[in-house]
Amino acid sequence: MNVSPLAGKLPPEELLVNVQRLVTCYYSLEPDPDEPSQQVSFGTSGHRGSSLHAAFNEQHILVVVQAICEYRSMQGTTGPLFLGMDTHALSEPAMATTLEVLAANGVEVMVDAEGGYTPTPAVSNAILAYNRGRSAGLADGILLTPSHNPPEDGGIKYNPPHGGPAGSRDTGWIESRANELLRTRLAGVKRIGYARALAAPTTYRYDYTGSYVEKLHEVVELGVIRDAGLKLGVDPLGGAGIRYWGRIADHYGLDLTVVNSSLDPTFRFMSVDRDGKIRMDPSSSWTMQPLLARRGEFDVAFACDTDYDRHGIVTSASGLLNPNHYLAVAAYYLFSHREGWSQGAAVGKTVVTSRMLDRVAGKLGRRVVEVPVGFKWFVDGLQDGSLGFSGEESAGASFLDRFGRAWSTDKDGMIAALLAAEMTAVTGKDPGELYDELARELGSPVYARIDAPASAAQKQRLKELSHEDVRQKELAGEPITAVLTEAAGNKASFGGLKIETPNAWFAARPSGTEDIYKIYAESFLGAEHLACIQTEATALVDNVLDKS
């Protein structure tokens with residue numbers, strides 16, 4: 001992908017979204033239920049889209065929330081629903097619409113006590129805390145967020161009583177019912193006015209911030225960070241956790257500087273991403289330029305995306321850590337320093353996450369559980385403690401608390417960020433230095449992702465590939481040791497193809513939103529070998545698709 005001339009710079013005025021138009025379109029445009037791009041579609045993280053394209057509008061929220069109400073009733077979920085939103089411009093109107101439907105359906109709802117923003121992990125943690133020890137009257141949650149997507153997007157996702165992202169069975173039913181309601185012009189949708197919904201006896205105020213912050217010491221050793229006197233920096237990226245950092249610093253006595261406290265739905269304070277779009281992605285060196293420019297001021301610095309389920313870690317010597325590198329360091333540190341964890345607790349990773357995690361797990365004597373892409377596949381393991389740490393290559397992770405209990409079954413960018421400070425305080429080395437030590441012992445992999453064009457038919461063909469479609473025995477000079485279409489950890493299909501050799505691998509998966517497929521590849525034999533892997537992988541997949 002070519003680098004935009006705007007990459008790494010503050011956006012020009014013409015790149016900023018027109019917030020008034022965005023909100024007007026949310027209320028004014030009506031989606032066409034027969035147009036696929038305007039239907040409700042749950043991907044790996046809920047339904048997302050822009051109101052400007054009739055892909056995320058009031059009618060979408062009305063039908064999705066009504067479908068959730070009906071689904072939770074079918075499942076016997078009768079406890080409170082924890083409701084949160086991030087700082088995208090469409091999240092606030094969607095929040096109001098959501099509350100109107102929930103109140104009309106008689107659902108008990110927990111909204112932020114101060115009417116503020118709520119990180120995804122704070123909602124997950126609240127659900128788990130409420131449900132602990134209960135077998136009936138369980139709570140669940142809804143989050144209004146498109147994660148790190150550009151400012152013009154909105155999103156909604158459902159977290160069932162397990163506290164993590166809804167599984168395919170849940171979202172399949174909700175999506176189908178929502179589109180049915182859309183086709184019948186909202187027949188069956190219950191709704192009351194916003195003022196009535198706010199004042200309804202079923203609407204409760206909940207202190208998300210206090211509840212989350214006051215328990216943080218259970219999952220990260222914050223006293224050790226304080227006593228070490230580390231200088232910490234954080235760029236909130238204008239996201240949902242922006243008010244949390246000050247509370248954390250005050251509560252635990254940390255020397256923590258918030259480098260930018262701006263809140264603006266245009267996100268004009270963000271440096272532009274590689275492709276010329278504004279995107280609140282803490283794993284991108286282009287969007288993290290403002291924090292990188294100040295890295296010398298801090299022992300460790302970090303950022304999270306807009307709903308705070310992803311992390312970015314910055315050190316003065318290493319700059320922005322590659323997400324796969326930090327996952328390896330975090331897993332090694334945690335399993336070496338959490339005496340309260342079960343000896344049987346495993347390392348969770350997705351099929352496109354670095355094999356460095358496998359080598360770390362081998363050094364630790366821990367199992368690896370490899371699952372398809374999507375954090376929903378880690379939920380059960382985190383909930384029952386059989387997974388101590390789970391991570392994915394897109395800078396998402398969560399882990400058990402210090403006593404081996406589930407903390408968040410959704411990704412938690414805040415604990416991943418604060419863990420970087422803990423490991424620096426305990427070891428005297430920052431995460432970049434710790435990774436260098438691991439790499440010297442276990443090997444230093446190079447990892448990359450490339451995109452290639454694919455038609456809808458070819459993308460479908462890629463999802464249906466089997467072992468018989470791959471005839472060759474070697475890849476980039478090494479024997480092929482495995483051809484996979486199912487994740488090794490749970491035998492679930494990941495909708496693509498993965499080929500492994502002794503020192504490398506690649507995985508090809510179709511995009512859910514664009515006419516492309518993605519090739520993830522990694523080699524422990526260097527950049528030239530990785531390039532060979534990519535070339536042969538592209539040729540192999542194209543050859544298979546050409547026969548479709």
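**Note on the predicted model**

1. Of the contacts (heavy atoms within 4.5 Å) in the protein with a separation of 6 or more, 71% join residues 24 or more positions apart. The model is predicted: local features need pLDDT of at least 70, side-chain atom pairs count only at pLDDT 80 or more, and totals for chains, interfaces and linings use all residues. Residues are numbered from 1 along each chain as its sequence is written, and side-chain values use heavy atoms, with hydrogens and water left out.

2. The radius of gyration, taken over C-alpha atoms, is compared with a globule rule of 2.2 Å times the number of residues to the power 0.38. For 548 residues a compact globule would have a value near 24 Å, and the protein agrees with this because its own value is 23 Å. Along the principal axes, the C-alpha atoms fill a box of roughly 65 × 65 × 50 Å.

3. The protein contains 17 helices and 23 strands, which are DSSP runs numbered from the N terminus (helices: H or I, at least four residues; strands: E, at least two).

4. Buried residues (under 20% relative accessible area, 1.4 Å probe, protein chains only) make up 59% of the 548 residues.

5. L462 lies in helix 16, which covers residues 456-463. This residue counts as buried because its relative accessibility is 0%. Neighbours within four places in sequence aside, L462 is in contact with G495, G496, A508, R509, P510, Y517, V541 and L545.

6. L462 and M280 are separated by 182 residues in sequence and, C-alpha to C-alpha, by 30 Å in space.

Technical notes
Buried < 20%, exposed > 50% of the residue type's maximum accessible area, 1.4 Å probe, protein only.
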